[in-house]
Amino acid sequence: MGAVGAVSPVPAGPSDLDLAGPRSRWARAAGRTRSYIALMKLRVVELLLVSTVPVMLLAERGMPSWWLIVVTLVAGTLSAGSANTINCYVDRDIDQLMGRTKRRPLVRETVEPAQALRFGIVLGIVSTLMFGLLVNWISAALSVGAIAFYVFVYTLGLKRRSPSNIVIGGAAGCFPVLIGWSAVTGTVGWAAVLLFAVIFFWTPPHFWALAIRYKDDYAAAGVPMLPVVATTEVVTRRILLYSYVMVGVSLAVGPVADIGLVYTVPAALLGAWFVAEAHRMVARAHRGEDIRPMRLFHMSISYLTLLFAALAAAALV
């Protein structure tokens, strides 16, 4: 007989901890997924891919197959994500010193460095195989070249050593136009080379404007971005110089690609807008006033987006 007052056993049921377990696992998995996606810097990738589809339309002189566009964009995203992830792995020591980058996954330790490196390498392998097997091997080679250039030339070679880091290293971000063209034609044409040059000369003004805003971060991390090692007047004059060259090259695209006024008129208007903003920065720097660099930074994104939208429109006319 049981003891007086003993409580009859209650059938075991799911405890609060048990109920929370699956949800916690899902939450952790979702958080981990977000961390890996953050390593890919998809907001940067978006800007690169803005240029790919219009170039594909131009190469086709119309609309390529949707299958080719989707495969090229997916493989291009993985390729850029590979380069960005490996960049995060290499730069994890200086990322923790800069306010703009201190919340990246490797700084917050939500992803282990070795896991991030493996992830970046796998992304690169998958993107290369996608390009090679589903598009063509020229596009695959260009993709590998873009990853190698960004990792070895910019991240490991120039970023911490030379104020010209973004000028030369920024060429890695120009490869999507070559990849888009080669995906359609299997070759690289002169129009694609000129569009490569447009983005090449666009990159320094775009990035130097951002670097002016965050020059204290770069100085603390020991990264010799131009605004860290030169006066604001020098930087703004360089921005103006590159802006003029960029606009000149963008106007040369029209006759070389034979796409007429549908592209050339917007290119001229957008170029005048960009150069006017660069002149404003030079004037304010000369007077010792706040140059408000983020105006040009955000404007440069709009400029490139609208320029390639005009290119797409011209290709479809």
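These legends go with a set of close-up views of one predicted model. Residues are numbered from 1 along each chain as its sequence is written, and side-chain values use heavy atoms, with hydrogens and water left out. Because the model is predicted, local features need pLDDT of at least 70 and side-chain atom pairs count only at pLDDT 80 or more, while totals for chains, interfaces and linings use all residues.

**Figure 1. The whole chain, before zooming in.** The protein has 15 helices and 0 strands; these are DSSP runs numbered from the N terminus, with helices (H or I) of at least four residues and strands (E) of at least two. Its C-alpha trace spans about 100 × 50 × 30 Å along the principal axes. Of the 317 residues, 50% are buried, where buried is under 20% relative accessible area, exposed is over 50% and partly exposed is in between, using a 1.4 Å probe and protein chains only. Take the contacts between residues at least 6 apart in sequence: 73% of them join residues at least 24 apart. Contact here is heavy atoms within 4.5 Å.

**Figure 2. S127 and F131 in helix α6.** S127 sits in α6, which covers residues 113-135, and F131 is found in that helix too. How accessible is S127? Its relative accessibility is 0%, so S127 counts as buried. F131 is also at 0% relative accessible area and is buried. Setting aside neighbours within four places in sequence, S127 touches A75, L78, S79, S143 and I147. With neighbours left out the same way, F131 has contacts that include T72, A75, G76, S143 and I179. F131 and L142 are 11 residues apart along the chain, and their C-alpha atoms are separated by 9.6 Å.

Figure 3. Rings of Phe, Tyr and Trp (its six-membered ring) pair if their centres lie within 6.5 Å; planes under 30 degrees apart are stacked, over 60 edge-to-face and the rest tilted. F207 and Y218 make a tilted pair, 6.4 Å centre to centre with 50 degrees between the planes. F207 lies in α10 (residues 190-213) and Y218 in α11 (residues 215-221), so this pair ties together parts 11 residues apart in sequence. Both F207 and Y218 are buried. W208 and Y242 have ring centres 5.5 Å apart and planes at 85 degrees, so they are edge-to-face. W208 belongs to α10 and Y242 to α13 (residues 232-257), so the link bridges 34 residues of sequence. W208 is buried at 1% relative accessibility, and Y242 counts as buried at 17%. Ring pairs also join F200, F201, W208 and Y242 into a cluster.

**Figure 4. Two arginines over tyrosine rings.** The charged end of R92 sits over the ring of Y89, 4.4 Å from its centre. R213 lies over the face of Y214, at 4.7 Å from the ring centre. For a charge to sit over a ring, NZ of Lys or CZ of Arg must be within 6 Å of the ring centre and within 35 degrees of the ring normal.

**Figure 5. Helices α13 and α14 side by side.** The axes of α13 and α14 (residues 261-286) come within 9 Å and cross at roughly 170 degrees. Axes are lines fitted to C-alpha atoms, for helices over the stretch in contact, and angles run from 0 to 180 degrees between N-to-C directions. α13 and α14 are therefore roughly antiparallel, the label for angles over 145 degrees.

Methods: Angles under 35 degrees count as roughly parallel, over 145 as roughly antiparallel, 65 to 115 as roughly perpendicular and the rest as oblique.
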